[in-house]
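Q: Can you walk me through this model, starting with how the strands pair and then moving on to how the chains meet?

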Protein chains: 2
Amino acid sequence: MTGKTVGLVGATGLVGQALLAVLRQRRFPVAGLRLWASARSRGRTIRFAGRPYTVADLARPDFAGCDIVFFAGTEGEQGASVRFAPAAAAAGAVVIDNGADFRMDPAVPLVVPEVNPCDVLRHRGIIANPNCSTIQMVVALAPIHRVFGLKRIVVATYQSVSGAGRGGVEALRAEMQNAKRTTQQSPFGRRIAGNVIPQIGGFSELGYSGEEWKMVRETRKIFHDESIAVNATTVRVPVAAGHSESVYFETQRPATVRGIEKLLRRASGVAYSNDSYHTPLEIAGKDDVFVSRLRPDPSTPDAFALWVVADNLRKGAATNAVQIAEQLL
Amino acid sequence: MTGKTVGLVGATGLVGQALLAVLRQRRFPVAGLRLWASARSRGRTIRFAGRPYTVADLARPDFAGCDIVFFAGTEGEQGASVRFAPAAAAAGAVVIDNGADFRMDPAVPLVVPEVNPCDVLRHRGIIANPNCSTIQMVVALAPIHRVFGLKRIVVATYQSVSGAGRGGVEALRAEMQNAKRTTQQSPFGRRIAGNVIPQIGGFSELGYSGEEWKMVRETRKIFHDESIAVNATTVRVPVAAGHSESVYFETQRPATVRGIEKLLRRASGVAYSNDSYHTPLEIAGKDDVFVSRLRPDPSTPDAFALWVVADNLRKGAATNAVQIAEQLL
C-alpha cells in the first residue's frame with residue numbers, strides 16, 4: 001500500500017493525541033505527517049513513530065500535498081473545520097472531521113465503519129465522525145436494527161469528563177484533590193467531582209440539550225431511517241474516560257434475547273458479555289464497544305434493555321476516524 | 001399531642017442517624033427514646049434533644065412500652081426486622097421498617113405519604129418504607145398518574161454510595177484519596193471512584209438486579225396498579241449522597257407539558273423547576289423531591305422525560321419513615 005500524507009488539525013488535544021496513537025497502533029500507512037494546533041501550541045514538538053514533528057499554528061495552514069486531514073476538534077466549541085475544512089478539501093485532501101459542524105450536512109457522509117461503511121463513497125471532500133455517545137450506541141444496535149428493525153430507543157448516558165477535552169479532565173482532577181472548591185475554569189459550570197450533571201451542550205428545542213439532539217439526529221442519519229423514535233438524556237459523571245449508556249429499545253419484528261445475543265457475538269467491533277458487565281474504568285484505552293446486561297422487558301413485547309460502554313476518545317473519536325480513513329484506502 | 005415512646009433499631013447507621021435528625025427537625029413528639037444497634041455499638045452514647053441515650057445491643061431487645069419502632073436497616077443486607085419486627089409488633093408497637101424484607105408482603109402496607117397515605121390504616125403492626133430510588137420516582141410521578149394515568153416508565157438511575165450505608169461512603173472516600181487502589185472492604189466489589197457500576201443488589205430473574213425489581217414491584221404496589229410497565233436500570237455512581245434518575249414515561253390519556261407542570265408545581269413534597277436543573281451535590285440534606293428537565297418526546301404521543309433528584313437518606317429513607325409515623329398520630 002502506498003503511504004499517505006496525513007494532516008492533523010488539533011494535534012495537541014486529547015482527541016489529537018489519541019489519533020496519533022491509533023494511527024500508529026493500527027499501522028496506518030503514514031508517509032508524511034503535518035501537525036497543526038492553535039497558536040499557543042505553535043512550535044511544540046510531537047514524536048510519532050520515533051521522529052519529531054513540529055506543530056504549526058493555524059494562522060495560514062497550507063494543506064497542499066495532504067491526502068487525508070483529520071480535524072480533531074473537541075465537542076462543544078465550534079471546530080476549526082468550519083474555517084479550514086473546505087480549504088483542505090479544495091487542496092485535494094479528504095477531510096475527516098471529529099467536530100459537530102458538518103455532521104448533519106446532507107452533502108457530508110456521517111460514518112461508523114461497522115454500520116454504514118459504504119457512505120464513505122459518497123463524500124465530496126469531507127466526511128464527518130459522529131458524536132462519541134452516538135457511535136457506541138449505533139455500533140451496539142446496528143446488528144439488531146439490520147435483522148429486527150428498531151422502532152424506538154430510550155437512552156440515558158453516563159459520560160466521562162474527557163468528552164469535554166483536557167479542560168474537563170483537569171477540572172475533575174483538581175476537584176477530586178480539593179473536597180470543597182469548584183474549579184473556576186471548569187467547562188461544566190458546576191462541580192463535577194462527587195456529582196452528576198444532566199446537561200451536555202446548550203439547551204435548545206423542547207428542552208433537550210445539544211448532545212441529546214445529536215443522539216437523535218445522528219442515529220437516524222447513520223441508520224438511514226428517519227422513523228426510529230429516539231429519546232435521550234445525556235449526563236456528565238465524574239469518570240475520567242469512557243462513556244456508559246443504559247439503552248432501552250423496541251424492535252419492529254419479533255425478537256428474542258437468544259436471537260439478539262447471537263447477532264452481538266459475531267458483530268464487528270462489539271465485545272459482548274452475557275455473564276458479567278463492563279465499567280468505564282476497566283475498558284479505558286480499548287477500541288471495542290462493550291455490550292452487556294442484555295435482558296428482555298417482560299412488560300412490553302419485543303422490548304429489551306442493555307448496557308454499552310466504550311472509550312469515548314478511542315472508538316468514540318480517534319479509532320472511528322482512523323477506521324474511516326482505512327475505508328478510504 | 002401526647003408524646004410517643006420511640007424505638008430505633010440500627011441507631012448508629014447512616015439511616016438511623018438521619019432518622020434522629022429528622023425526628024428532631026420535624027418536632028416529632030418524642031416522649032421516650034430507646035436505641036438499639038448491633039453488638040459492636042453496644043454502650044455507645046447518642047445525644048438527642050440535648051439528652052444522652054445509651055445504645056443497647058440486639059441480643060434480647062425488649063420493645064414493651066414502645067409506641068413506634070423504626071428499623072433503620074440499610075439496603076442489601078437482610079434487616080434485623082426479620083428477626084425482631086414481629087416481636088415489636090406483638091409488644092404493641094407499630095413497626096416502620098426501612099428494610100426490604102416486608103415490602104412485598106400483602107399484609108404489610110408500603111407507604112409514601114404523598115402518594116398512598118391511606119394505606120397506613122391497613123397495617124397490622126408493620127408498615128414498610130419503600131426503596132429509596134422508588135420513593136423519589138413515585139413522588140414525582142404520582143400527581144401525573146392520578147390525572148393522566150401512567151402506561152409505561154423507563155428509568156435509569158444514578159445512585160449515590162450512601163445507599164450502601166457507611167461502608168459505601170467510606171469506600172468512595174478512601175478510593176478518592178488513593179488514585180489507584182480499590183478498597184478491600186468496599187461493598188461494591190469494584191472500584192467506584194472514577195467509575196460507574198451497573199449493579200445494585202444481586203442479579204435475579206431475566207438478568208435484572210434486586211434494585212431494579214424493587215423499582216418495578218414497589219411502584220406497582222404503591223400505585224395499586226399492576227398494569228404499569230416499568231423498566232429500570234440501576235447504577236451506582238461516585239456521589240456521596242443523593243440519587244438522580246432519568247425518567248421516561250407515557251401516559252394513558254392525552255397530556256401536555258403545561259398540564260403536567262401545573263400538577264408538579266402544586267404537588268406536595270415536590271420542588272419543581274422549569275428553567276434550571278438540580279444535581280445531587282446541591283440538594284444533599286434536603287427533604288424535597290426535586291424535579292426538572294420535563295420535556296415532551298416529539299417522536300411518541302403522550303410521552304415525556306424528566307430528571308428527579310432527592311437525598312436518599314432523607315426523603316429516600318428517614319424523612320419518609322418519619323412522615324409515615326406522623327400519619328399514624
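**Strands, helices and the contact between chains**

A: Strand β1 (residues 4-9) of chain B pairs with strand β2 (residues 30-37) of chain B in the parallel sense over 6 bridges, where strands are DSSP runs of E with at least two residues, helices are runs of H or I with at least four, both numbered from the N terminus, and two strands pair if DSSP finds at least two bridges between them. This is a predicted model, in which local features need pLDDT of at least 70 and side-chain atom pairs count only at pLDDT 80 or more, while totals for chains, interfaces and linings use all residues. Residues are numbered from 1 along each chain as its sequence is written, and chains are lettered from A and ligands numbered from 1 in the order in which they are written.

Q: Which residue stands opposite V6(B) in β2(B)?
A: That is L33(B).

Q: And what packs on the sheet there?
A: Helix α1 (residues 14-25) of chain B packs on the sheet and touches β1, β2, β3 and β5 (68-71) of chain B, its direction making about 160 degrees with that of β1(B); angles run from 0 to 180 degrees between N-to-C directions, and axes are lines fitted to C-alpha atoms, for helices over the stretch in contact. Contact here says that the C-beta atoms of two residues, placed from the backbone, lie within 7 Å. Helix α8 (residues 314-328) of chain B also packs on the sheet, touching β5, β6 (94-97) and β7 of chain B, at about 155 degrees to the direction of β6(B).

Q: What is the order of the 7 strands in that open sheet?
A: In chain B the order is β3-β4-β2-β1-β5-β6-β7, with mixed pairing. At the edges stand β3 (45-48) and β7 (126-128) of chain B, each with a single partner strand, so one side of each has no neighbour in the sheet.

Q: What about the sheet with 6 strands?
A: That one is open as well and runs β9-β8-β10-β13-β12-β11 in chain B, again with mixed pairing. Its edge strands are β9 (229-233) and β11 (270-272) of chain B, each of which pairs on one side only, and neighbouring strands of this sheet are turned by 25 degrees against each other on average, direction ignored. Strand β8 (residues 150-158) of chain B is joined to β9(B) by 5 bridges, the two running parallel, and within β9(B) it is T233(B) that stands opposite A156(B). Helix α6 (residues 257-265) of chain B lies across β11, β12 (289-296) and β13 (303-310) of chain B, at about 175 degrees to β12(B).

Q: How many residues of chain A are in contact with chain B?
A: 40 residues of chain A are in contact with 40 residues of chain B. The largest share of the side of chain A that touches chain B, 4 residues, comes from β9(A). By class, that side has 24 nonpolar, 11 polar and 5 charged residues, with Ala, Val, Leu, Ile, Met, Phe, Trp, Tyr, Cys and Pro counted as nonpolar, Asp, Glu, Lys and Arg as charged, and the others, Gly among them, as polar. Since 100% of the interface residues of chain A are also interface residues in chain B, the copies meet through the same surface.

Q: Is β9(A) largely enclosed or open?
A: β9(A) is largely enclosed by the rest of the structure, because 4 of its 5 residues are buried; buried stands for 20 or more other C-beta atoms within 10 Å of a residue's own, exposed for 12 or fewer, and partly exposed for values in between, with C-beta atoms placed from the backbone.

Q: Where is F304(A), and what is it in contact with?
A: F304(A) is in strand β13 of chain A and is buried, with 21 other C-beta atoms within 10 Å. Leaving aside neighbours within four places in sequence, F304(A) is in contact with F249(A), I260(A), L294(A), R295(A), P296(A) and D297(A).
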